[in-house]
Amino acid sequence: MQIAEEKLTFYYNGNIKKVPAYHLIEAAIEERGNYLVEFYNEFLIDIYVLLDNLDSKYIAIDWDNTVSADPEFFIDLIRKFQKAGYTPFICTLRAPDEENIAEITAVLAARNIAIYLTDGQEKQSYMQNLGINVHLWIDDFYPSICRDACLLFIQNGIE
Ligand SMILES: [Mg+2]
């Protein structure tokens, strides 16, 4: 496993400050020395934290260039979410084959966390079809969540 050498820059929009789960992320980022910015600048941002359903306890975390960019940080964050009563899970565009699942479970090892592999399908509608409305999306590539004029982007200050 590669340990991140460079610090990651996370994006959030100001409206997210009202949800308690955000404050767990903020604290974990500070602890790790990663960066947090409130202004959308696609050249600066590594990972987006986007607020979706206000009442949900589900937190969808991308794999490639998200968890894989700093596994130690995310394993700690997953534990913090679980302790606080949230249900974090992995949601990736990868195909649902054994190799992909084995790679992800090897890193996460016994974290008691679900893995959803959408096989290239937009993540938001994929999860909604399974009856899961997501509270927060943590992802390096937001067009994987929903496309075009998606309300999620507007609500989170992304044009
Ligand atoms: Mg990714």
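Visitor: Let's start with helix 2. Which residues are exposed on the other side of it?
Guide: Glu72 and Lys83 are exposed there. Keep in mind that this is a predicted model.

Visitor: Which residues of helix 2 are buried?
Guide: Phe73, Phe74, Leu77, Ile78 and Phe81. Seen down the axis of helix 2, these buried residues fall within an arc of 135 degrees, so they line one face of the helix.

Visitor: Why would residues that are three or four places apart point the same way?
Guide: An α-helix has 3.6 residues a turn, so residues with that spacing point the same way.

Visitor: What covers the buried residues of helix 2?
Guide: The cover includes helix 1 (20-32), strand 4 and strand 5 (87-92).

Visitor: How far apart are the end C-alpha atoms of helix 2?
Guide: They are 18 Å apart. Helix 2 has 13 residues, and at 1.5 Å a residue these should span 18 Å, so the two values agree.

Visitor: And what follows helix 2?
Guide: Gly85 does. Its phi is positive, near 95 degrees.

Visitor: On to helix 1. Which residues are buried there?
Guide: Ala21, Ile25 and Ile29 are buried in helix 1. Looking down the axis of helix 1, its buried residues fall within an arc of 80 degrees, so they line one face of the helix.

Visitor: What do the buried residues of helix 1 pack against?
Guide: Quite a list. They pack against strand 1 (9-11), strand 2 (35-37), strand 3 (47-51) and strand 4. Helix 2 and strand 7 (136-139) are also packing partners.

Visitor: Which exposed residues sit on the face turned away from the buried side of helix 1?
Guide: Pro20, Ala27, Glu30 and Glu31.

Visitor: What about the span of helix 1?
Guide: Its 13 residues should span 18 Å at 1.5 Å a residue. The end C-alpha atoms of helix 1 are 19 Å apart, which agrees.

Visitor: Which residue takes a positive phi just after helix 1?
Guide: Gly33, at about 85 degrees.

Visitor: Let's zoom out. How many helices and strands are there?
Guide: The protein has five helices and seven strands. From the N terminus on, the elements run β-α-β-β-β-α-β-α-β-α-β-α.

Visitor: How are the strands arranged in the sheet?
Guide: Seven strands form an open sheet in the order 2-1-3-7-4-5-6. The pairing is mixed. Strand 2 and strand 6 stand at the edges with a single partner strand each, so one side of each is left without a neighbour in the sheet. The twist averages 20 degrees from one strand to the next.

Visitor: Pick one pair. How many bridges join strand 1 to strand 2?
Guide: Three bridges join them, and the two strands run parallel. Here is one example: Tyr11 has Val37, in strand 2, as its bridge partner.

Visitor: What share of the residues is buried?
Guide: Buried residues make up 31% of the 159.

Visitor: And which share of the contacts with a separation of 6 or more is between residues 24 or more positions apart?
Guide: That share is 78%.

Visitor: New topic: Lys123. Is it buried or exposed?
Guide: Lys123 counts as buried, because it has 22 C-beta neighbours inside 10 Å, and the cut-off for buried is 20 or more. Lys123 belongs to helix 4.

Visitor: Which residues does Lys123 touch?
Guide: Leaving out residues up to four places away in sequence, Lys123 touches Ala60, Cys91, Thr118, Ser144 and Ile145. Lys123 and Cys146 are 23 residues apart in sequence, and 6.6 Å apart in space from C-alpha to C-alpha.

Visitor: Last one. Where does Asp119 lie?
Guide: Asp119 is in the loop between strand 6 (115-117) and helix 4 (123-129). Asp119 is not a glycine, yet its phi is positive, about 60 degrees. Asp119 counts as exposed, with 12 C-beta neighbours inside 10 Å.

Visitor: And Asn65, where is that?
Guide: Asn65 lies in the loop between strand 4 (58-61) and helix 2 (71-83). The phi of Asn65 is positive too, near 65 degrees. Asn65 is partly exposed, with 14 other C-beta atoms within 10 Å.

Definitions and conventions
Residues are numbered from 1 along each chain as its sequence is written. This is a predicted model: local features need pLDDT of at least 70, side-chain atom pairs count only at pLDDT 80 or more; totals for chains, interfaces and linings use all residues. Helices (H or I, at least four residues) and strands (E, at least two) are DSSP runs, numbered from the N terminus. The expected span of a helix is 1.5 Å times one less than its number of residues. The arc is that of the directions from the helix axis to the C-beta atoms. Two residues are in contact if their C-beta atoms, placed from the backbone, lie within 7 Å. Two strands pair if DSSP finds at least two bridges between them. Axes are lines fitted to C-alpha atoms, for helices over the stretch in contact, and angles run from 0 to 180 degrees between N-to-C directions.
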